[in-house]
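Have a look at the picture first, then read on.

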Amino acid sequence: MLFSSISFLYYFLPLVLICYFILPFRLKNACLLLFSLGFYFYGEPVYAFLMLGSTLWSYAHGLLIEKYRGGKLGKVFLFSSVAGSLLALGFFKYADFFINNVNSIFNSDIPLLKLALPIGISFYTFQTLSYTIDVYRGETPAQRSYIKLATYVTLFPQLIAGPIVRYTTVAEELEGRQHNLENFATGIRRFAVGLGKKVLIADTLGAFASTLHTMPHPSVAGYWLYAVAASLQLYFDFSGYSDMAIGLGRIFGFHFLENFNYPFISKSVAEFWRRWHISLGSWFRDYVYIPLGGNRVNTLFWLRNIAIVWFLTGFWHGADWTFIIWGLYFAVFLVLEKFWYNRVFIHLPKFCSHIYVTLVILVSFVIFSGNGVSGMLDDLGNMFFLKGLPLWSGETGYYLRSYGLPLILGILGATPLVKIAVEKVRNSRSGWVADALEPVFLVAVLLIVTAYFVDGSFSPFLYFRF
């Protein structure tokens, strides 16, 4: 089930809200669990049992790890927990990738498994991993209630496309949380903004990117515009989903951490990754990079740590060499910045730093969006005058004029300018105007989005495939 659908907005969500708020607190977790399973079962009936099995695996191991923590058996059960979770993820997500590569290298003919990818498996696997690792580290006690742990894992707002919510973030709120009008209103506002970002901006820019990528008379400028549109589409798609997840969580009394912080205003690639998909970056930092030694080791081992983390970051996104190349591409720039930042980057004018980061990011998302390695290389070749394309074409100009307004809105929306302007109005004498217009704006967004749904002009979230 999609957040951006009639069935969710007008049937599922009202029903879960009614049931949730009429029940006493002791039944609220069970209510969320049942509705979350229904939410997942709607699209993945078989794999719902895989998710429950993964949760049971982590639940049992959490109890065993806590019981034997500090001894050899504690390490054994931690290893068993991590290995079991990663094997399930690897089997369903990467089996055909490895079979394809074995067939290519050894000229063999091993049949592909052709398994459907369980939606959200990358996200909930990382959540269960963080839970058992944190129990082993003594950062949280093991959860005695399977229902509460299953509620955490299956919680529908963040189940299928994140953000990656750690157990320690919501552990106290699973036991007791506040429900009030302020949380409800804040959640509704955040959800509506995210819904608008996804349907009105991301989907429109996605149509623009697709048109530029497939037009009969392409140009170099058209491919750069494609890079801009595709990058903004991914940002508004995923940050919009994160906004909706955070908003829904707030309605039910949960405080999920932010996942995006205007990454396109960054002045370095390192800063970009502190602002983009924050929950994933912090997960790899705390559970892979730091345990490997982080930057507290000699240069050779630090380079190894960077390579491992960014190889895994790319591979986490999908079973394709383009994602691995994308991750290692960022590793190269992070290494360059590490050695040259104080000598070069820190002395650059701000606008030069922004241009540098923007170019790196645009190229990165062309790699990310490539249709296999050959398709990625074709796209990059077209961007850098290697395929004989003209700089400009009439068709490029036509589509730029057609999509110019949403493109400009997307660029502005990717900066904090709109937020700053709204806050200034709120803090001025005319603040009452903003307060009065806000509900009108939110209702308008909902009505326009509903019209898009009825028309059928929307698309699934890009991150569903991860």
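Before anything else, one word to learn: a residue is buried when its relative accessible area is under 20%, exposed when it is over 50%, and partly exposed in between, using a 1.4 Å probe and protein chains only.

A bit of housekeeping. This is a predicted model, in which local features need pLDDT of at least 70 and side-chain atom pairs count only at pLDDT 80 or more, while totals for chains, interfaces and linings use all residues. Residues are numbered from 1 along each chain as its sequence is written, and side-chain values use heavy atoms, with hydrogens and water left out.

**The big picture**

What is the protein built from? It has 19 helices and zero strands; helices (H or I, at least four residues) and strands (E, at least two) are DSSP runs, numbered from the N terminus. The radius of gyration is 23 Å, close to the 23 Å that the globule rule gives for 466 residues, so the protein is as compact as a globular protein of that length. That radius is taken over C-alpha atoms, and the rule is 2.2 Å times the number of residues to the power 0.38. Along its principal axes, the C-alpha trace spans about 65 × 65 × 50 Å.

Of the 466 residues, 50% are buried. Now for contacts, meaning heavy atoms within 4.5 Å. Among contacts with a separation of 6 or more, 75% are between residues 24 or more positions apart.

**Inside the protein**

Which residues have the most contacts inside the largest nonpolar core? They are F3, F8, F156 and F330, in a core of 126 residues. Helix 10 (residues 220-251) gives the most to this core, with 17 residues. A nonpolar core, by the way, is a set of buried Ala, Val, Leu, Ile, Met, Phe, Trp, Tyr and Cys residues joined through side-chain atoms within 4.5 Å. Zoom in on F156: not counting residues up to four places away in sequence, its partners include F3, F8, F12, L32 and Y241.

| Residue | Relative accessible area | State |
|---|---|---|
| G281 | 30% | partly exposed |
| S231 | 1% | buried |
| T125 | 2% | buried |

G281 sits in helix 12 (residues 278-289). Although G281 and I164 are 117 residues apart in sequence, their C-alpha atoms are 10.0 Å apart in space.

S231 belongs to helix 10. Leaving aside neighbours within four places in sequence, S231 touches F264, I361, L362 and F365.

T125 is part of helix 5. With the neighbours within four places set aside, T125 contacts S85 and L89. T125 and A88 are 37 residues apart in sequence and 8.7 Å apart in space, C-alpha to C-alpha.

Finally, a look at the backbone. Most residues other than glycine have a negative phi. Y262 is not a glycine, yet has a positive phi of about 50 degrees; you'll find Y262 in the loop between helix 10 and helix 11 (269-275). H277 also has a positive phi, near 45 degrees, in a residue other than glycine. Where is H277 found? Look in the loop between helix 11 and helix 12.
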